[in-house]
Amino acid sequence: MPEPQPLPHRQRWLLLTLLAQVLFIVAVAGAGYATMAYGRTITLRTTPVDPRDLMYGDHLVLNYTISQLPLNLWSEPTRPRRGTPVYVVLRPVGEAYEAVRVVAKEPAVPAEQVVLRGWMADNWRRGLRLRYGLEKYYVPEGVGKQLEKQATRHPMLVHISIAPWGQARITEAQVIK
């Protein structure tokens with residue numbers, strides 16, 4: 001039986017490139033599932049805006065109550081700059097979580113509180129505007145307008161899973177009637 005010949009250099013690089021791409025896709029999907037499996041689920045209040053985009057289909061752009069916070073929640077001596085990461089400490093208030101303080105470094109918190117990482121979008125004289133990477137939620141085609149209409153009359157809650165390593169992911173959005 002003839003011995004197999006080694007792959008030429010180009011074929012080896014092509015095979016390694018394809019393998020790296022497949023591993024990347026599997027890792028991204030695995031990280032999402034791990035976040036939902038091992039993460040702590042919290043609920044946030046929000047209002048949807050702009051439910052349709054011709055390029056991306058039906059989705060909701062979410063404006064959380066923790067997206068715009070008063071400046072007195074900032075716990076550092078210097079004001080944060082746009083684009084810098086911040087950590088928002090949240091505690092349960094009724095059926096949803098609300099912000100307690102905003103800090104520059106990830107803090108240790110009691111068991112009833114949770115930390116959500118965000119980024120400074122803007123700050124002004126009396127407030128902070130934050131982004132969390134959770135502002136866009138895709139829904140099945142035709143559902144976006146319906147959800148937006150319902151949310152104008154009733155509050156909307158979004159369930160978010162926060163993994164121990166800090167990654168967060170939306171697991172469900174619902175209108176409370």
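## Terms and model

Helices (H or I, at least four residues) and strands (E, at least two) are DSSP runs, numbered from the N terminus. H159, for example, is found in strand β10.

This is a predicted model, in which local features need pLDDT of at least 70 and side-chain atom pairs count only at pLDDT 80 or more, while totals for chains, interfaces and linings use all residues. Residues are numbered from 1 along each chain as its sequence is written, and side-chain values use heavy atoms, with hydrogens and water left out.

## The chain as a whole

The protein chain contains two helices and eleven strands. Read from the N terminus, its elements follow the order α-β-β-β-β-β-β-β-β-β-α-β-β.

The protein chain has 177 residues, and 36% of them count as buried. Buried means under 20% relative accessible area, exposed means over 50%, and partly exposed lies in between (1.4 Å probe, protein chains only). The accessible surface of the protein chain is about 11600 Å², and carbon and sulfur atoms hold 58% of that surface. Accessible areas come from the Shrake-Rupley method with a 1.4 Å probe; for residues, only the protein chains shown count as cover.

A contact means heavy atoms within 4.5 Å. Among contacts in the protein chain with a separation of 6 or more, 63% are between residues 24 or more positions apart.

## The five-stranded sheet

Strands of a sheet pair through backbone hydrogen bonds, either parallel or antiparallel. Here, two strands pair if DSSP finds at least two bridges between them. Five strands form an open sheet in the order β4-β8-β7-β5-β6, and the pairing is antiparallel. The edges are β4 (68–70) and β6 (96–103); each has a single partner strand, so one side of each has no neighbour in the sheet. On average, neighbouring strands of this sheet are turned by 45° against each other, direction ignored. For this angle, axes are lines fitted to C-alpha atoms (for helices over the stretch in contact), and angles run from 0 to 180 degrees between N-to-C directions.

L69 has L128 in β8 as its bridge partner. Strand β7 (residues 114–124) and strand β8 (residues 127–131) run antiparallel and are joined by five bridges. Two residues lie between β7 and β8, which form a hairpin. Along this pair, W124 is bridged to G127 in β8, and M120 stands opposite L130 in β8.

## A second hairpin

Seven bridges pair strand β10 (residues 156–162) with strand β11 (residues 168–175) in the antiparallel sense. In this pair, S161 is opposite R169 in β11. The hairpin of β10 and β11 has five residues between the strands, and G166 in the turn has a positive phi of about 105°.

H159 in β10 counts as buried, with 16% relative accessibility. The side chains of H159 and Q174 are joined by a polar contact of 3.1 Å. A polar contact is a pair of N or O atoms within 3.5 Å; within protein, one must be able to donate a hydrogen and the other to accept it, and residues adjacent in sequence count only if both atoms are side-chain atoms. Leaving out residues up to four places away in sequence, H159 touches T41, I42, T43, R169, I170, T171, E172 and Q174.

## The nonpolar core

In soluble globular proteins, nonpolar side chains tend to be buried together. A nonpolar core is a set of buried Ala, Val, Leu, Ile, Met, Phe, Trp, Tyr and Cys residues joined through side-chain atoms within 4.5 Å. The largest such core has 32 residues, and L44, Y64, I66, L69, L90 and I160 have the most contacts inside it. Elements giving two or more residues to this core are β1, β3 (57–64), β5 (85–93), β6, β7, β8, β10 and β11. The most comes from β10, with four residues.

Apart from residues up to four places away in sequence, L90 touches a set of residues that includes I42, L44, I66, Y97, V100 and L116.

T46 lies in strand β1 (residues 40–49) and is buried, at 6% relative accessible area. The side chain of T46 reaches the backbone oxygen of N63 at 3.1 Å. Beyond its neighbours within four places in sequence, T46 contacts L62, N63, Y64, M156 and V158.

E135 sits in the loop between β8 and β9 (136–138). E135 is buried, with a relative accessible area of 8%. The side chain of E135 reaches the backbone nitrogen of G133 at 2.9 Å. E135 and V61 are 74 residues apart in sequence, but their C-alpha atoms are 5.4 Å apart in space. Not counting residues up to four places away in sequence, E135 touches L60, V61, L62, Y64 and L130.
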